[in-house]
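Hello,

Here is the structure I said I would pass on. My notes on it follow below the files.

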Amino acid sequence: MDLDLLSEHLLWAENEKLFMYKDSVGVWTIGVGHNIQERGISKAVSRQILKEDMDEVVRDCRVLSYWDALDPVRQLVVADMVFNLGLSKFLKFVNLNKALVAKDY
């Protein structure tokens with residue numbers, strides 16, 4: 001089997017979608033026709049998504065003026081909050097950010 005040819009064909013026939021959608025019969029699908037409703041994703045795919053999400057969180061955190069001055073435990077807490085809230089919502093914690101700048105833990 002020519003896997004490159006199969007890949008090309010499936011990309012053409014299925015169309016790659018990077019967000020969940022319901023296919024023509026109402027099944028939740030993602031990527032190139034991957035039925036996540038019944039098949040889910042593999043642990044390897046889950047870990048790859050986690051790695052990409054963590055890389056994005058760290059990039060976001062690096063824009064914080066106080067980030068490099070934080071010890072690893074405080075970086076973990078901030079990164080966890082940014083992961084769950086997103087940077088824009090995290091920045092709405094004005095008093096928390098002022099305290100972190102002032103090292104008022």
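Ala102 is exposed, with 55% relative accessible area. This is a predicted model, and that should be kept in mind for everything below. Ala102 sits in the segment that follows helix H6, which covers 94-101. Between the C-alpha atoms of Ala102 and Glu8 there are 55 Å in space, and in sequence the two residues are 94 apart.

**Overall layout**

The protein contains six helices and three strands. Along the sequence these elements come in the pattern α-β-β-β-α-α-α-α-α. The protein is more spread out than a compact globule, because its radius of gyration is 20 Å, well over the 13 Å given by the globule rule for 105 residues. Along the principal axes, the C-alpha atoms fill a box of roughly 60 × 30 × 20 Å.

Some totals for the protein:

- Of the 105 residues, 18% are buried.
- Taking contacts between residues at least 6 apart in sequence, 22% join residues at least 24 apart.

**The sheet**

The three strands make an open sheet, ordered S1-S2-S3, with antiparallel pairing. S1 and S3 are at the edges and have a single partner strand each, so one side of each has no neighbour in the sheet.

S1 covers residues 17-22 and S2 covers residues 28-31; the two pair in the antiparallel sense over three bridges. Lys17 has Gly31 in S2 as its bridge partner. S1 and S2 form a hairpin, with five residues between the strands. In the turn, Gly26 has a positive phi of about 85°. S2 and S3 also run antiparallel, and two bridges join them.

Thr29 belongs to strand S2. Thr29 counts as buried because its relative accessibility is 3%, and the cut-off for buried is under 20%. A polar atom of the Thr29 side chain lies 2.8 Å from the backbone oxygen of Val27. Apart from neighbours within four places in sequence, Thr29 is in contact with Phe19, Met20, Tyr21, Asp23, His34, Asn35 and Ile36.

Asn35 lies in strand S3, which spans residues 34-35. Is Asn35 buried or exposed? With 17% relative accessibility, Asn35 counts as buried, since the limit is under 20%. The Asn35 side chain reaches the backbone nitrogen of Gln37 at 3.0 Å. With neighbours within four places in sequence left aside, the contacts of Asn35 are Val27, Trp28, Thr29 and Gly40.

**Salt bridges**

How many salt bridges does the structure hold? There are two.

One links the side chains of Asp55 and Lys51, with an N to O distance of 2.9 Å. Both residues are in helix H3 (residues 43-61); they are about one helical turn apart because four residues separate their positions in that helix. Asp55 is partly exposed, at 35% relative accessibility. Lys51 is also partly exposed, at 42%.

In the other, the side chains of Arg74 and Asp71 meet at 2.3 Å, N to O. Arg74 has 31% relative accessibility and counts as partly exposed. Asp71 is partly exposed too, with a relative accessible area of 28%.

**To recap**

For a quick look at the model, these are the places to start:

- Ala102, exposed, in the segment after helix H6.
- The hairpin of S1 and S2, with Gly26 in the turn.
- The salt bridge between Asp55 and Lys51, and the salt bridge between Arg74 and Asp71.

Regards

Notes:
Residues are numbered from 1 along each chain as its sequence is written. This is a predicted model: local features need pLDDT of at least 70, side-chain atom pairs count only at pLDDT 80 or more; totals for chains, interfaces and linings use all residues. Side-chain values use heavy atoms; hydrogens and water are left out. Two strands pair if DSSP finds at least two bridges between them. Buried means under 20% relative accessible area, exposed over 50%, partly exposed in between (1.4 Å probe, protein chains only). A polar contact is a pair of N or O atoms within 3.5 Å; within protein, one must be able to donate a hydrogen and the other to accept it, and residues adjacent in sequence count only if both atoms are side-chain atoms. Contact means heavy atoms within 4.5 Å. The radius of gyration is taken over C-alpha atoms; the globule rule is 2.2 Å times the number of residues to the power 0.38. A salt bridge is a side-chain nitrogen of Lys or Arg within 4 Å of a carboxyl oxygen of Asp or Glu.
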